[in-house]
Amino acid sequence: MSLDTTAPVLNVNGRMVSVGDAPLRRLSDVLREECGARGVKVGCDAGDCGACTVLMDGEAVCACLVPAARAVGAEIVTVEGLDDGIGERLKVAFLRHGAAQCGICTPGMLVSAVALLQRVDAPDEAQVEEALAGVLCRCTGYRKIIAAVCDTGRVLEPVAMPEAGAAIGARVERLDGRHKVDGTDVFGADHWPEGALVVKAVRSPHHHARFAFGDLARWRPEGCAGVWTAADVPGVNRFGVIPPFADQPMLAEGIARFRGEAVALIAFDDGFEDTDLSDFPVTWEPLAESLDEAAGAAAADLHDGRAGNILTQGFVRQGDTTAALAGAAHVATTTISTSYVEHAYIEPEAGAAWMDGETLVVQTCTQAPVMDRDDTAALLGLDPANVRIIATATGGGFGSKLDVSLHPLIGLVALKTGRPARMVYTRTESMQSTTKRHPATMTASIGTDADGRIVGMDFAGDFNTGAYASWGPTVANRVPVHASGPYRTPHYRALGRAVHTNGPVSGAFRGFGVPQAAIMQETLYDRLAEAVGMDRLAFRRLNAYRDGDTTCTGQVIHGVGIVDCLDALKPHWEAALGEAAPAGLARGVGVASCWYGCGNTSLANPSTIRVGLRADGRVVLHQGASDIGQGSNTVIAQICADAAGLPLAAFELIGPDTALTPDAGKTSASRQTYVTGKAAELAGRALRAAVLRHANAGDDARLRLDGGSVVVEDGGDVRRIALDGLPANGFGYVFMGEETYDPPVTPLDENGQGKPYAVYGYGAQMVVLDVDEGLGTVHLRRIMAAHDVGRAINPVLAEGQIEGGIAQGIGLALMEEYLPGRTENLHDYLIPTFGDVPPIESILIEKPDPEGPFGAKGLGEHVLIPTAPAILNAIRHATGAEITKLPALPHRVHAAIRAARGDD
Amino acid sequence: MTSEYFRPTDLDDAMALLAETPCTVLAGGTDLYPATKAQSLAGPVLDLDGIDGLRGIAREADRWRIGARATWTDVLRADLPAAFDGLKLAAREVGAVQIQNAGTLAGNLCNASPAADGVPPLLTLDASVELVSARGARVLSLAEFLIGPRRTALETGEIVSAILVPAASGAGRGDFRKLGARQHLVISIVMIAGRFVMEEGRITFARVAVGSCSATARRLTELEDALIGMAEAPSCSLVAKHVAETLDPIDDVRGSAGYRIDAAVGMVSRMLAETFA
């Protein structure tokens, strides 16, 4: 028997590193914490996500499953070691193809790809899929990753940065991309202040329970630096993204209303964080629980003042729907229910907090730094001026990182102890305690006349908003505005209710309830087209909004591109309908549309951008819009550069950081390209105007940066301004532009009439699939997606949004069902893998919006909306099966096929 | 702590240790690490990694020996006859390459999940399990070894040292199909394995096994008997009769019991149809 008693040494990227004697510690943890290899990302600690993939003697393994002792004597290669020819070519290909979005899975993808490329010079798509299948990505939809790996054999030169004035529309590589492919981007878990305490939360194991603590003062295991409960919360123990509805305690007070709700915090000295908490002195008394929207509406009230557990409701009415449907030639009616959907970003919540004098600093992944600051300050009884939020790179958000999670928890510990504090949620903790997509039970009827024109629609949906409000009011309000789809609906009645239950808190998730409502409307449209005897695409085109139409809220809309999107699909549609299915399978083709208002519903949601020119000739953009992978760091800079007439390459970015960047609002509601982009346009123009004023030049003058000078060319007149001779302002800039933009919207009245959004985006997608009727399995073949983006600021990033949104739509349609207590990990909760996303053809339609910056509209949420209904319509087209409970898991599809055939 | 971690190089030393000290036995780690939220496995742990005698896949006089340390990747790279094709197909569907490079077949058996990918193909190979302890060695059939969900016949101080496949099982061609709700990294709703020997268009030997449809994977022995002598695929109703008599699935998050029965019938029927094609 050999007992290794010498200090172990690991060979990491060719460097020998002595590590602590902890043979059973996960290799991932040792590499991150002792070997400086923080490019090894940890997404699940269970081998489910592959983010921590490293090479061990040339073979790809999940470092989270390898005992450190096994790595002794092996050659370990992490993303940091991929600096040879293959590795560099691969990174360049990833940047070129937009294969890295948020970047959290990128190290695992790159390492897995290198394992393949070391054996196979020029792999085909199937080889890439198999080699990389162990790594999950939630942003890209995988297709651009496959393309990048297949393209590695070619020598790709980096794309040249666009000239001044040519940034918009250019396929610019993401400006923050290099750090992502090098594995050096700093995410929430990647920065630990020296001596930080490790914070753990005690969470409710019950959906609903009364609890009481034992003798907390005496419970002090070794290394425990303190225990805190709701009694220790110094501020108002209620938070929420919509202040009038704020209802969620950071630590529950005597009653836990959902499984995973935090009730106590424990801080440990570094090295004691694995302490067993099973003897923590808390007793639980389970209470009656309600988990779905029907049970919630019938249960005892969870919150005072919310009778019947109705948090709020939204309503839109136009015309006389009852009469319209009574007089319709055809009416289709159905009820559909959907499930909780988990965001499943690969980066669990993580961050650190410390005191900087009187200021509490929280550095974490986030979609909404200023909202985080305000919520954290209120919870902890601080002036918002004494809280600073530094946003790290964010490894996916999709809506759930809008609400505070660990911010006040680590903030409280830092405040109470004066010591830095850090926390990383486990995958299960992340899934249990953060928000979800609302499950919905919806009933609707839509009627047409004999020619196929929609005459009216009646919609009612209950949305399970879980134990606390979060974004429930937004869902209740957004859905009635959008449930018609982008179609003329002269008589309309839509009611959305947010219902409390003891389920997980439902919040924002890419589309705020609209994807669920679109499933309702678009599947009914297929039945109506059939009843009328029309082609399903033509039926949609007939009813689609045109420029100048008035919506169900009485708003006149312009720049409407839905007809253009449907027309772009037409050749693909006709070709697909003519194809035969492979033997033994049933071929189906489906189509669905979307529209989506960009920005908050009828509320102020301003963004401010500051851009300054330094004396050294560099342009500094204070970019406060969180880039969670969607690309705001790049897009906002592109807009600002062209507005200023300065070259993009001269720009440096700062932020988001509440101490350094003005408030650019939150990354949600598909608002950043439009709202912050508009602010960036205005700020860029203001900077330009300041320079032109100084040069006494006309509006058409060209600006050129030349070292520490700006050269102004106005007709034949050339003026050189030496920047270092000019006085700098308080921010250090010799010229500066700072502008705020807030979308011009109006409140909705009691019938939902008003102007809820200033800009809408449109899209239509078409799905070709085969159904195995014997097994109920669905095989996607290809998806065509036409989206009206107004102006494609960056086509690579726009395509990335489309492909990634479609992947999430596929998950919503076919596999994703979060069941609290049962699917709290990434092997029981399924998100699409490499093999589940078919080839996607993106068609960018540019119908300029009169309000958006350079005509641009939002896109981030639109892209997910049509996918699920198009899939369901294709399944029905193939088999006759009508799915009324999502996701369409094989057993549900199988049952629906049998029902359609009358087998049951 | 080092004293909690043992990495012997000799099997006898390992058995002596295990007789003295109850240990968690670590093979590939792909089940043990996911089961803890901690950054370290709790000791004491006996790591089999150092024992060369447990590595690899060897052809012995009358059998194949799949060592306890043999990974799914080892199976994929081994030169094995077509009878093992089902096992190789299963190996390609265990997680993805990261899991295949670390996870072992023996560990898959010891974890004893009703959805263990290795069990149906090993059943069709008439595989048995070699167990060793300080008391000596014994060999159990798979059915004797797997006694229920998450339960095996392993006794205190005992480890699986190898999976044994008799030489006679090298005959014919193996097959495996896994049904899940996504393409990769998926726990099966139903999986099936088969091994068939055909002579002059007729089946002379058949093994059919189904996983994820009962507490442990099961062979459809009556169907196997009925297939002997057949020159064309049996009717779905015959398959359905044997499936219904043998399997006892449950409803869970992945699928309903009734669906599992229907899917198993469909999958087995198709496998048989393609075997005759």
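Analyst: Two strands are said to pair if DSSP finds at least two bridges between them. Helices (H or I, at least four residues) and strands (E, at least two) are DSSP runs, numbered from the N terminus. This is a predicted model, in which local features need pLDDT of at least 70, side-chain atom pairs count only at pLDDT 80 or more, and totals for chains, interfaces and linings use all residues. Residues are numbered from 1 along each chain as its sequence is written, while chains are lettered from A and ligands numbered from 1 in the order in which they are written.

User: In what sense do β6 and β7 of chain B pair?

Analyst: Strand β6(B), residues 128–133, and β7(B) are antiparallel, with six bridges between them. Within this pairing, B:Val129 has B:Leu140 of β7(B) as its bridge partner.

User: What is the strand order of the open sheet in chain B?

Analyst: The order of its five strands is β4-β5-β10-β6-β7, with antiparallel pairing. Pairing on one side only, β4 (57–60) and β7 (136–141) of chain B are the edge strands. From one strand to the next, the twist averages 25 degrees; for such angles, axes are lines fitted to C-alpha atoms, for helices over the stretch in contact, and angles run from 0 to 180 degrees between N-to-C directions.

User: Turning to helices, which residues of α3 in chain B are buried?

Analyst: In α3(B), residues 85–92, they are B:Gly86, B:Leu87, B:Ala90 and B:Ala91. These residues line one face of the helix, because they fall within an arc of 140 degrees when seen down its axis. The arc is that of the directions from the helix axis to the C-beta atoms. A residue is buried if 20 or more other C-beta atoms lie within 10 Å of its own, exposed if 12 or fewer, and partly exposed in between, with C-beta atoms placed from the backbone.

User: And what covers those buried residues?

Analyst: The cover includes α2 (72–77), α4 (97–102), α6 (119–124), β11 (173–179) and β12 (190–199) of chain B.

User: How many residues does each chain bring to the contact between A and B?

Analyst: Chain A brings 49 residues and chain B 45 residues, where two residues are in contact if their C-beta atoms, placed from the backbone, lie within 7 Å. On the side of chain B, at least two residues each come from β1 (5–6), α1 (11–20), β3 (45–47), α4 and α10 (257–276). Of these, α4(B) gives the most, with five residues. By class, this side of chain B has 23 nonpolar, 15 polar and seven charged residues. Here Ala, Val, Leu, Ile, Met, Phe, Trp, Tyr, Cys and Pro count as nonpolar, Asp, Glu, Lys and Arg as charged, and the others, Gly among them, as polar.

User: Now chain A. Why is A:Ala115 counted as buried?

Analyst: A:Ala115 counts as buried because it has 23 C-beta neighbours inside 10 Å. This residue is found in helix α4 of chain A, residues 106–117. Leaving aside neighbours within four places in sequence, A:Ala115 is in contact with A:Leu55, A:Gly58, A:Glu59, A:Ala60 and A:Ala131.

User: Lastly, which residue of the β28 and β29 hairpin in chain A takes a positive phi?

Analyst: A:Gly715 does, near 65 degrees, in a hairpin with two residues between the strands. Strands β28 (709–714) and β29 (717–722) of chain A are antiparallel over six bridges, and A:Asp714 has A:Asp717 as its bridge partner in β29(A).
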